[in-house]
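Trainee: I'm new to this one. Could you walk me through it?

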Amino acid sequence: MLPRRTLALCAAVTTTLALAAPAAAADRPLRIVGARADTALTQRWQDFGRRPGVGWAAADGTYSTPLPSGLVAWLFNDTFFGPVRADDSLPESAPFTHNSAVLSTPDAKHLLTTIAPGLPKHPQSLVGPTPQSPGTPNDHWYWNGDGIVDGGELQVIEFEQAPTDDPPPFNFAWTRTKLATLDPFTFRLEKLTDLPSAGGVQWGTELMRDGAWTYIYGVEGDGFTKYLHLARAPLGRLAGPWQFRTTNGWSADPATSARLLGNVGSSFGVTPVGGEYLLTTFDSGLTDTIHAYHASSPVGPFTGGETVYTAPEAGNGRYTYNVAAHPEISPPGHLVISYNTNSENLADLYANIDNNRPRFVDLQLSR
């Protein structure tokens, strides 16, 4: 449950965060004319992670979802909790969950509170089991995909994982996908519904509302070869049934889903902006370069693939991954995106938990 002070703030905030559907594309294509590290927003998350007490210290995932209250829910996956020491190190006894959320104001200039069930000193995962520690996995757990408010409820894609015999930190595998329905004010889990999982496509890497549809982007493939797929559902019916994009139309059969783009990352953003749809992603595998693709329709074709940013954190055992787009906090003519940082060695995170906090990039757009 949220504290009364936060619920009061939720009720007081009335800013509308609707993203208008794009108009017809202009004669000149949208261009990305600059990209810079958003050091202010990155610093804001670093400062939030260093706050005294038990709360969000660092995590990956970084999906953002506008709520009916006017606030923004930031959905995270593996989450380390404080208190963090003055040198940014973290005790190995610190709490750890497989998913969590953080509330912010609509512009993300104020990060408000950590959302996790359980007692303050013993936080639990929002969805699914809570591990004893990062090195002691459960027999299954859930990582968040994207989230959206649909039919008045907070709907979050959940990727079920299971441990494997591979060496850490990549000793896990996706098993199936579910849809978590949560109360958008209390974050209480109301139900967990099965979603299509056959065919090796992890649906829900990106959710995008456009017109009468919610578009559900998915990723097929493991390791260094990943492909983009697309499904859609009428607004208010994200639990299904879905239609799947084929090579020449839509079908009710998920087996007919077509590969729409290759060499995408395990997570990416698709954003309606400036009369186009902008896809931002790392390459497949663990790379340091973010690329942008353009399309005039949610279904593509996505073309371009120009390099827009190189993440400086990658290397020496650290890696970067998981692009997400944040149009709800982006000023006109800009698109804020994020990516995650991590280490191949868990000890590196405990020594400096900032190695696991998200980084943000501001893309400048023009025609």
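This is a predicted model: local features need pLDDT of at least 70, side-chain atom pairs count only at pLDDT 80 or more; totals for chains, interfaces and linings use all residues.

Mentor: Residues are numbered from 1 along each chain as its sequence is written, and side-chain values use heavy atoms, with hydrogens and water left out.

Trainee: How many helices and strands are there in the chain?

Mentor: Helices (H or I, at least four residues) and strands (E, at least two) are DSSP runs, numbered from the N terminus. Going by that, the chain has 3 helices and 27 strands.

Trainee: What is the radius of gyration of the chain?

Mentor: That's taken over C-alpha atoms, and the globule rule is 2.2 Å times the number of residues to the power 0.38. For 367 residues the rule gives 21 Å, and the chain comes close to that, so it is as compact as a globular protein of that length, with a radius of gyration of 19 Å.

Trainee: How many residues has the largest nonpolar core?

Mentor: Such a core is a set of buried (under 20% relative accessible area, 1.4 Å probe, protein chains only) Ala, Val, Leu, Ile, Met, Phe, Trp, Tyr and Cys residues joined through side-chain atoms within 4.5 Å. I290, I337, L363 and L365 have the most contacts (heavy atoms within 4.5 Å) inside the largest one, which has 18 residues.

Trainee: Which elements give two or more residues to this core?

Mentor: They include β22 (276-282), β23 (289-295) and β24 (303-310). The others are β25 (318-325), β26 (334-343) and β27 (359-366).

Definitions and conventions: Buried means under 20% relative accessible area, exposed over 50%, partly exposed in between (1.4 Å probe, protein chains only).
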